[in-house]
Amino acid sequence: MDERKVFKPLEIKIPDQESERFPERHREGPRFAGSQTDIRQKHRSFLTGFTLIELLVVIAIIAVLMAILMPALNKAREQGQRIVCKSNLKNYVLATQMYTDDNDDRFCNPQSCYFSQTAPYPVESGLSSPIHLRWCNGDLYLKNHPQYAGPFYPYLQNVKAFICPTFARIATRASQDHFYQADAGNIKNYKPWYNYTMNAYLGSPSDGVKKSSVRKLSEVKHLAETFCFTEESALVDTRYNVSGLNDTYMIPGSDSMVEGWLNQAGSYRLIKPGPEGVGAFWDVIGGFHYAPSQDPLRGKGNCAFLDGHVDAHTRAETFPLAWPR
Ligand SMILES: [Zn+2]
């Protein structure tokens, strides 16, 4: 007879009936002697629940596994966000190229590339420096208020994300921009919604950068080495940058600062901000991608270059990559 056909669950029969049901097991000696009773006793603690010690051991093991896995999971998330960020920036290069095509090779004014004017809008009434707060003013999200949009908006309106997902996470926690901090109490709907800013040395009509900037795409000497949009750091470390993200244009320094740097360093390729460089810049490239843990300033930011490629760079490279001449 096939043993499998006569199998029955262990716990439903009384032990002293076992020898009658399986006489062949008992014939074989001590291997199965008293087996059902023993098994039931062994499983009693399982059937009646865990002890406190067992529960604590399980919790401790889960905690150790979490501690091992979390850094790997954070790294995977940041890698995914970096790819989204680069793909966002690709659209900004395309927008820049289309804009210059449609406008006689001229760049758009970086100060109004997103917003149609520099004076306060009605929703900004009561703010002392409205322009500086547009990046985090959820009431000015251009998808809801296209009437405030600047010349780039027709080229970017299909772009789903204006903002790097990594930046959105960091800026919400720890923006240190002093302009923002000065007016933070007046922001009603805090929601950072962009962090890509245009190279101010491309197309800015401002008197302060007249000598440093160029007005036309054809005047840029090295297209593959000059970014048109990058992600700006909102975090301030005054040894490197005196300001953070507070408008739509990225300006390392004024004409007089640039002249001073060039005299000091000899070549624009050698000009770096901070203690190891020529001095503090106004704005620098963000450092939150590829950053060592606990220091979102020491990594890299993505830059979209005028030849169409997107690449990550450190804040030390800010000026060589912004200088179009
Ligand atoms: Zn990014």
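These legends accompany close-up views of a predicted model.

**View 1. The protein as a whole.** The protein has 325 residues, and 34% of them count as buried. Its secondary structure comes to 10 helices and five strands. Among contacts between residues at least 6 apart in sequence, 75% join residues at least 24 apart.

**View 2. The open sheet.** Five strands form an open sheet in the order S3-S1-S2-S4-S5, and the pairing is mixed. S3 and S5 (310–313) are the edge strands, each pairing on one side only. S1 and S3 pair in the parallel sense over two bridges. Asn199 stands opposite Met250 in S3. S1 and S2 pair in the antiparallel sense over three bridges. Met198 has Phe229 in S2 as its bridge partner.

**View 3. The S4 and S5 pair.** Here the pairing is antiparallel, over four bridges. Cys303 stands opposite Asp311 in S5.

**View 4. Helix H5 along its length.** H5 has 51 residues, which should span 75 Å at 1.5 Å a residue; its end C-alpha atoms are 73 Å apart, so the two values agree. A kink of about 35° lies at Leu69, shortly before the proline Pro71. After H5 comes Asp104, with a positive phi near 55°.

**View 5. H5 against the sheet.** H5 lies across S1, S2, S4 and S5. The helix runs at about 25° to S4. Its buried residues are Cys85, Asn88, Leu89, Tyr92, Val93, Ala95, Thr96, Tyr99 and Thr100. An α-helix has 3.6 residues a turn, so residues three or four places apart point the same way.

**View 6. The largest nonpolar core.** This core holds 59 residues. Tyr92, Met198, Phe227, Cys228, Phe229 and Ala304 touch the most other members. At least two residues each come from H5 (52–102), H7 (165–174), S1 (196–199), S2 (227–231), S3 (249–250), H9 (255–265), S4 (301–305) and H10 (318–322). H5 gives the largest share, six residues. In soluble globular proteins, nonpolar side chains tend to be buried together.

**View 7. Around Tyr92.** Tyr92 is one of the buried residues of H5. Leaving aside neighbours within four places in sequence, Tyr92 is in contact with Tyr196, Cys228, Phe229 and Ala304. Cys228, Phe229 and Ala304 are, like Tyr92, among the core residues that touch the most other members. Phe229 is also the bridge partner of Met198.

Note on methods:
Residues are numbered from 1 along each chain as its sequence is written. This is a predicted model: local features need pLDDT of at least 70, side-chain atom pairs count only at pLDDT 80 or more; totals for chains, interfaces and linings use all residues. A nonpolar core is a set of buried Ala, Val, Leu, Ile, Met, Phe, Trp, Tyr and Cys residues joined through C-beta atoms within 7 Å. A residue is buried if 20 or more other C-beta atoms lie within 10 Å of its own, exposed if 12 or fewer, and partly exposed in between; C-beta atoms are placed from the backbone. Two residues are in contact if their C-beta atoms, placed from the backbone, lie within 7 Å. Two strands pair if DSSP finds at least two bridges between them. The expected span of a helix is 1.5 Å times one less than its number of residues. The bend at a residue is the angle between axes fitted to the seven residues ending there and the seven starting there. Axes are lines fitted to C-alpha atoms, for helices over the stretch in contact, and angles run from 0 to 180 degrees between N-to-C directions.
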